[in-house]
Amino acid sequence: MSTNLLKNISLLAGVHAPETALRGKALAQLPQIEQAWLLVEDDAIAAFGKMTDVGLPAADEVMDMSGCMVLPAWCDSHTHLVFAASRESEFIDKIKGLSYAEIAARGGGILNSARRLQNTSEDELFNLAYARLQELIQLGTGAVEIKSGYGLTVEAELKMLRVIRRLRNASTIPIRATFLGAHAFPPEYQQDQEGYIRLLTEEMLPRIAADKLADYIDVFCEKGFFSPEQTERICRAGMQVGLKPKLHVNQLNSIGGIETAVSLPALSADHLETMTDQDISLLAASPVIGTLLPGAAFFLRMAYQPGRQLADAGCALAIASDFNPGSCPSGNMNFMLSLACIQLRLLPEEAINAATINGAFAMDLQQQVGSIATGKKANLIITKPVPSLAYLPYAYGSNLISRVMINGRWIND
Ligand code: NIG
Ligand code: FE
């Protein structure tokens, strides 16, 4: 057994182990210990307390953290980090004035990524995604969900999910896999939507279930993509083989996605840029976690998610990156935290809870990560010397992380 004692931590934040995702007043409470110590045993948090405690535990290694804060690593519960190529030409089109929907209607967008992915080998996809994952870990991400959805054929969807499984096996951080075959109708099924839904439910799902390639099922419920009724059918087929729904809803339009997410119920309803008052009350009264993706609204220059209203209404909220080549080519959760505070008007404590413990709940990883609690994985962010917790989202764009620990080991040591 190896032990590591971190001492003189100026602030140890996220010291809790809630039983359900946080909402309301609890979302605004981020329990903290000032002038703290934390003991890591092998890959886990073993104990913690105040520096004034009598008799600090002995350890193989003792590190002085004077001036630095320690937080649980970010839990990014919504990404599409397996993709074949970036899409800067669409980025230029957007600068010139085309909308996301117009680009998609021209065969750009998701279909562009699908063509590229279909022609890229499994090894190449793995190597590209592995490098992205390492970058995210250095930025403080300690658990991540990854979706398929750039395959859109039986073989390419299975290939993507196998890449995610390889990432899971090769990675030091926990990874959850989501089947998003219902991301868009492929060109050959534009006139035969039922045919594609049969392909999803009768051919892809049984093979995914047989090989245990996914934990969750996702559908892009949106005008021009999948209707709420189609979303519900696809999700129910997924639920029958043990996949819980996590849905893309209310990004561009409010067409009934929240009702569907609540009635299933989904583990999470993600995006939420376009929410009616009724959508907000419905979500707030449900157990569904609302996952806000401010990076997508930022990059697409859309109105931001109504984070403040959602929090005030009592929704359980998570913050995630949506890292993908089309609507958010960044997986930097530190920036998402800043956007959540600056643009969504969440308080720093709310945003940190949303990006850690509630993100863990949105991946069913709350027993392993997302907070400082005995027995949880020692997946930690050590900040540079900072004057306050609020300084983290406030000083956006600065790299305020000095070190990251994953499974009790320092990254880059
Ligand atoms: O979450 N909205 C749907 N899917 C992705 C974007 C996909 C793409 O443009 O490649 C998202 O924003
Ligand atoms: Fe997404």
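What share of the contacts in the chain with a separation of 6 or more is accounted for by residues 24 or more positions apart? I found that such residues account for 72% of these contacts, where contact means heavy atoms within 4.5 Å.

I noted that this is a predicted model, in which local features need pLDDT of at least 70, side-chain atom pairs count only at pLDDT 80 or more, and totals for chains, interfaces and linings use all residues. Residues are numbered from 1 along each chain as its sequence is written, and side-chain values use heavy atoms, without hydrogens and water.

**Overall form.** I looked up the secondary structure and found 16 helices and 16 strands; these are DSSP runs, numbered from the N terminus (helices: H or I, at least four residues; strands: E, at least two). The radius of gyration is 21 Å, close to the 22 Å of the globule rule for 413 residues, so the chain is as compact as a globular protein of that length. This radius is taken over C-alpha atoms, and the rule is 2.2 Å times the number of residues to the power 0.38. The C-alpha atoms fill a box of roughly 70 × 45 × 45 Å along the principal axes.

**Burial.** I recorded that 59% of the 413 residues are buried, meaning under 20% relative accessible area (1.4 Å probe, protein chains only).

**Thr356.** I then turned to Thr356, which lies in the loop between helix 14 (348-355) and helix 15 (357-361). Thr356 counts as buried because its relative accessibility is 1%. Leaving aside neighbours within four places in sequence, I listed the contacts of Thr356 as Pro72, Ala73, Trp74, Cys75 and Gly370.

Notes. Chains are lettered from A and ligands numbered from 1 in the order in which they are written. Buried means under 20% relative accessible area, exposed over 50%, partly exposed in between (1.4 Å probe, protein chains only).
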